[in-house]
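Hi there,

Here is the structure I promised to pass on to you. Have a look at it first, and then read my notes below with the model open beside you.

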Amino acid sequence: MTGRVFIAAVLAALLAPALADEIPRAQRRSGYDAMSPQTRAMQDNESENPATLWVLDGEASWRKPEGEANKSCADCHGDASSMKGVAARYPRFDAARGKPVDIEQQINICRVERQKATPFAYESHELLAMTAFVARQSRGMPILPDKAAGAAKTVAEGQRLFTQRRGQLDLSCAQCHDDNWGRSLGGASIPQGQPNGYPLYRLEWQSVGSMRRRLRNCLSGMRAELWPVDAPEYVALEMYLMARAEGLRMESPAVRP
Amino acid sequence: MNTTSNERGDTRRALIVKATRLALGAGFCSILGESAGATPDMMREAIGKLVGSSPVNEGRVTLDIPPLVENGNTVPLTVAVESPMTEADHVTAIHIFNEKNPQPYVIAAHFGPRAGKAAFATRAKLSDSQRIIAIARMSDGSFWMAGADVIVTIAACVEMNE
Amino acid sequence: MARALINVPAHAKKGDIIEIKALISHPMESGYRVGMNGTIIPRDIIHVFTCDYNGVEIFRADFSQAVAANPFMSFHTIATESGKLVFRWSGDKDFEATETAEIIVE
């Protein structure tokens, strides 16, 4: 047993009791459950869901040859059905890179390494469109978090970040989303902070946005300093949130208030 | 706090009184004379430009808008007007007005008998809790209206400029 | 190029009232918001949406700043004959978009 694997195994063992304060599995709720019938209808009906506009752009981009390699996503992956379930499994630990990779980063890895193209910028329309198209293929499928030994370390780091107080309000994510979900904050209901709809169309944004953007909004709300947009902290939080949401059904691209 | 809730209570009572008065008036009133009292000047002016001195009747128009919305940026609304939609008798337009946005218009939809049904749905942007009014113009030149109050809530943690 | 999504039934019976849905990507910038540099973000909205059915206008809407971003419209028409529906949006900054849909009426 190498040192790293051993540490990961110990961390994985430590993780189990630490999850005691999490929302019990039977009580896990998608943000969908607290939405108005009108907002639910907007998500459910694809011809009325504004995020479909991003999905369609992503679909066009999937078939378009790009980069020095002049290859399209479809040239390697075939049609969209090859992406079924993929978004429900990301972020994943990338053994070759020795670090976790989220779905946006995986798309950019493909762009750089396979297409020999420039990566899409975080939160660019192109990246959101491609992510929405890929994630759309997992709609209705249960979240299957990565349970590889390498992943456990990142999940634990994500949980540490989730439960750590920060910012001028001295709040942790868990204080809202584990301890007080379902209660009101101002006029809005506090959601559990589940990751099962990303990328999603937020009425507040009037646009599709990534989980990274949502996490940055939360940091703003806590009056905490934002990590740089490419910081590993976001991937760790995403990975922890997916582990915390195991079994919830994917709704991407969802609509949220 | 007490003052605020009293003010709200008074407003609500005033609206109920007004609604009762409208109902007693056999569903017929001038929007400029009576019901316009509940709306700020800009909306009243905009409605005045549309209807001129014509009376605006209560009824025939159904304005479906959620009473409480989670975000004012995207408020679904549906309007339907009772009409046979024939060449001789149809709805020519439905106008939607708001009373608290920076300007009073939302949308105006234009119809002919080929619509079959005088109804449409869209999504509005509302800056605040307010009253929304839908006015339909019929092919005989008459105007019909419906109103709805919307409470707009906002999320607790919204994006801030960086 | 703006992405639009049209939903029209592919087949209809003559005389049926059909529902048409149209969604288009557009910021509908109201002209009342202040940007990061402290100046007003200029208005950029769609002003007019029309739907023609075999060359005849069957629906038109005038949008204001109070129409939500990525405007959605749903409306109706009587299926009269097979043919083409043409959707047009036009607005600030010379915005023009056109989308078509076919319908078979039996």
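**What I found**

From the N terminus on, chain B runs α-β-α-β-β-β-β-β-β-β-β-β. That comes to two helices and ten strands. Please keep in mind that this is a predicted model.

Let me stay with chain B for a moment. The chain has 162 residues, and 38% of them count as buried. If you take the contacts between residues at least 6 apart in sequence, 63% join residues at least 24 apart.

**Strands in chain B**

To find the pairing on your screen, look for B:Phe97, which stands opposite B:Ile133 in β9(B).

β9(B) also pairs with strand β10 of chain B, residues 143–152. Here there are eight bridges, and the strands are again antiparallel. In this pairing, B:Ala134 has B:Ala146 of β10(B) opposite it. β9(B) and β10(B) form a hairpin with four residues between the strands, and B:Gly141 takes a positive phi near 90° there.

In case pairing is new to you: strands of a sheet pair through backbone hydrogen bonds, either parallel or antiparallel.

**The nonpolar core**

Which residues touch the most other members of the largest nonpolar core? They are B:Val79 and B:Ala134, in a core of 113 residues. The element that gives the most to this core is helix α10 of chain A (residues 232–244), with nine residues. As background, nonpolar side chains tend to be buried together in soluble globular proteins.

Setting aside its neighbours within four places in sequence, B:Ala134 is in contact with B:Val61, B:Leu63, B:Val79, B:Ile94, B:Ile96, B:Met145 and B:Ala146. You have already met two of these: B:Val79 from the core, and B:Ala146 as the residue opposite B:Ala134 in β10(B).

**Where chains B and C touch**

The contact between these chains takes 22 residues from chain C and 26 residues from chain B. On the side of chain C, the elements that give two or more residues are β5 (56–63) and β6 (72–78). β6(C) gives the most to this side, with seven residues. By class, the side of chain C that touches chain B has 15 nonpolar, five polar and two charged residues.

There is strand pairing between the two chains as well. Strand β7 of chain B (residues 105–110) and β5(C) pair in the antiparallel sense, over four bridges. To see where, find B:Ala109, which stands opposite C:Ala61 in β5(C).

**Where chains A and C touch**

Nine residues from chain C and eight residues from chain A make up this contact. On the side of chain C, β1 (4–7) and β3 (17–24) are the elements that give two or more residues. The residues on that side divide into four nonpolar, three polar and two charged.

**A sheet in chain A**

Finally, chain A has an open sheet of three strands in the order β6-β5-β7, with mixed pairing. Its edge strands are β6 (207–209) and β7 (255–256), each of which pairs on one side only. Strand β5 (residues 200–202) of chain A is joined to β6(A) by three bridges, and these two run antiparallel. The bridge partner of A:Leu200 in β6(A) is A:Gly209.

Enjoy exploring!

Best wishes

Notes: Residues are numbered from 1 along each chain as its sequence is written. Chains are lettered from A and ligands numbered from 1 in the order in which they are written. This is a predicted model: local features need pLDDT of at least 70, side-chain atom pairs count only at pLDDT 80 or more; totals for chains, interfaces and linings use all residues. A residue is buried if 20 or more other C-beta atoms lie within 10 Å of its own, exposed if 12 or fewer, and partly exposed in between; C-beta atoms are placed from the backbone. Two residues are in contact if their C-beta atoms, placed from the backbone, lie within 7 Å. Two strands pair if DSSP finds at least two bridges between them. Ala, Val, Leu, Ile, Met, Phe, Trp, Tyr, Cys and Pro count as nonpolar, Asp, Glu, Lys and Arg as charged, and the others, Gly among them, as polar. A nonpolar core is a set of buried Ala, Val, Leu, Ile, Met, Phe, Trp, Tyr and Cys residues joined through C-beta atoms within 7 Å.
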